[in-house]
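Please read this briefing alongside the sequence and the coordinates.

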Amino acid sequence: MSALTAARLERALGDPADPKTLFSYARCAELDRAEAFPEAICAELDRLGLPRQYVPEAYGGALTGLQELADLVRVVARRDLTVAIGHAKSYLGAACVWTAGTPEQARALADRLMAGAPVSWGLTERAHGSDLLATGLAAVPDASGGYRLTGEKWLINNATRGELICVLARTDPAGGPRALSLFLVDKGRLESGVYRCLPKQRTHGIRGADISGIAFDGALIPADALVGEAGHGAETVLRTLQLTRTVCTALSLGAADHALRQAAAFTAGRELYGGRLARFPHVRRTLGRAHATLLACEAVSLVANRSAGALPGEQSVAASVVKSFVPERVDALIADCGELLGGRAFLTEVHEYGSFQKLARDHRVVGIFDGNQAVNRNALINQFPVLARRYREGRVDPAGLAAAVTPGSPLPPVAPGRLELVSRGGSSLVQNLPSAVAALRTAEGTDPRLLALAERLLARCAALHGELTALRPARIASARAFDLAEEYEECFAGAAVLHLWLAGGGSPARPELGLWAGPELWQDGLWARAALAAVLGRRGQEPGDAGELDALYDAVEAVGAAPAPVAAAGEETR
């Protein structure tokens, strides 16, 4: 079976604007009003072979790299986030088994998943939230050689629908770093009456999703339900989150595609005060900022996804950065687009079946998945000492960095066993920024506006690392440390833009970049200039970079460009 690509999936799903299409905006609006799970749509995704993309090639699936998976999730998310979240959860639920399970466990799970069995991931609990080390669900060894589970998991996506659920449980009541273990629980193998699914929670967004929970009462699970070694559950979860957090950004990119398409179409056709709305200076500036924001988010997501294969030892940094940066920036992009749509941004049935107000509600939950922004920034703060030291040393993995920032180049398959809890090498992407800017200075034909933005980025990055060097580690991170984490995200994102630009050689003949790679946007480094301006400027405070945003919008409008995911070389982008 040939691999499912983003372009093929897009074609197979049909026109979402046609209410007769199964996966249409109209159908998704009906399901949202009824708070009903999109069963038929998910069944169609199963039929098209999407579950196979969640399974590594080694176990009979089609998963090789995170970027290919992210492209597919983005296609689904740009139509409806509830569907994307409800279906892609099976990858998140299975990922711990790909990380630490035995080959036998992995093959058995792969067969179930590719046959359409939903898989869930039970981490959070009502009393402990994101504090995983406080996990209360107990797994007590049984005389049979298995374990008995007692306790509950709550606010779990697909906890009721999932046929299998991977749960984090306490195996050592004394606590400590080795107190937690992972178990893959097959509900069909449990005795009657030893578990119950908790009620679905009504939510502001993703109303049709199965956000519920599960409670166990001495449920006996076999010894082969243990995933990895006993006591290594927290470590496995933290490694796996480096993959799932990165893929989650595809949800945000899909939402951004949808929001920006609606805003651009509406302003292009709307007449107001005797003129077309898209000609108003404020509207052009707002759309330019939205396009530039999406380019920056696309760049940092692309590099982070490729880094999972190219720079696995540094993925703890990349995953924390991208999961914090992208959802926040897309929330701002959606707000900008909503401002342009005006009252239509709030209507539930009139404008495109109310799909904008739905995506705005739905996207707010993406930032919470697999660790909210505070959790991810705290994970980055914990790595500040090594990040400061490696930047000072100029430490770079040249081969890994080149692979990460050169789309279309071959990558080794993602090997979860090569992921590290803390990056010993820092971030090659950021640490190579001085060399990248030096290369830009000497490159023939470098636009001075692009160089000026790159120099600003480098100066900001140098000042940041100077402060990181002086920052004293603390058991509880200071408010200033969180500010510095945000600044580090901006440096990482800017470095991603600049390295992608340099890897493209300033040439528009790079369709695999997926960055709307027509010649108009590569002219004089336009897309890179605008993306850097979006990264460096604070919302509403871009007076020195406003021209870049205006120019980007003019170019996008002139060529009719639209947000599109990366497509394989030789396939059309949509």
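Which residue follows H2, and what is its phi? Glutamate 35 follows H2, and its phi is positive, near 50°. The model is predicted, so to speak of local features a pLDDT of at least 70 is needed, side-chain atom pairs count only at pLDDT 80 or more, and totals for chains, interfaces and linings use all residues. Residues are numbered from 1 along each chain as its sequence is written, and side-chain values use heavy atoms, with hydrogens and water left out.

**Overall architecture**

- The chain holds 20 helices and ten strands; these are DSSP runs numbered from the N terminus, with helices being H or I of at least four residues and strands being E of at least two.
- The radius of gyration is 23 Å, close to the 25 Å from the globule rule for 574 residues, so the chain is as compact as a globular protein of that length. The radius is taken over C-alpha atoms, and the rule is 2.2 Å times the number of residues to the power 0.38.
- The C-alpha trace spans about 75 × 60 × 45 Å along its principal axes.
- Of the contacts with a separation of 6 or more, 77% join residues 24 or more positions apart, where contact means heavy atoms within 4.5 Å.

**Surface and charge**

- Buried residues make up 58% of the 574 in the chain. Buried means under 20% relative accessible area, exposed means over 50%, and partly exposed lies in between (1.4 Å probe, protein chains only).
- The accessible surface is about 21,700 Å², and 55% of this belongs to carbon and sulfur atoms; areas come from the Shrake-Rupley method with a 1.4 Å probe, and for residues only the protein chains shown count as cover.
- There are 60 positive and 63 negative side chains, and the centres of the two sets lie 2 Å apart. Lys and Arg count as positive and Asp and Glu as negative, without His and the chain ends; each charge is placed at NZ of Lys, CZ of Arg, CG of Asp or CD of Glu.

**Helices H2 and H10**

- H2 covers residues 25–34, and its buried residues are Tyr25, Ala26, Cys28, Ala29, Leu31 and Asp32.
- These buried residues pack against H3 (39–47), H5 (81–100), H7 (233–269) and H10 (355–363).
- Eight of the nine residues of H10 are buried, so H10 is largely enclosed by the rest of the structure.
- Among the buried residues of H10 are Lys358, Arg361 and Asp362.
- The cover over the buried residues of H10 includes H2, H5, H7 and H9 (315–341).

- Glutamate 35 lies in the loop between H2 and H3, and is partly exposed at 23% relative accessible area.
- Leucine 155 has a positive phi of about 55° although it is not a glycine. Leucine 155 is in strand E3 (residues 147–157) and is partly exposed at 41% relative accessibility.

**Cysteines**

- The whole structure contains zero disulfides, a disulfide being a pair of cysteine sulfur atoms within 2.5 Å.
- Cysteine 166 is in no disulfide, and the nearest cysteine sulfur, in cysteine 96, is 4.6 Å away. Cysteine 166 is buried, with a relative accessible area of 0%.
- For cysteine 28, the closest cysteine sulfur is that of cysteine 42 at 9.6 Å, too far for a bond. Cysteine 28 counts as buried at 4% relative accessibility.
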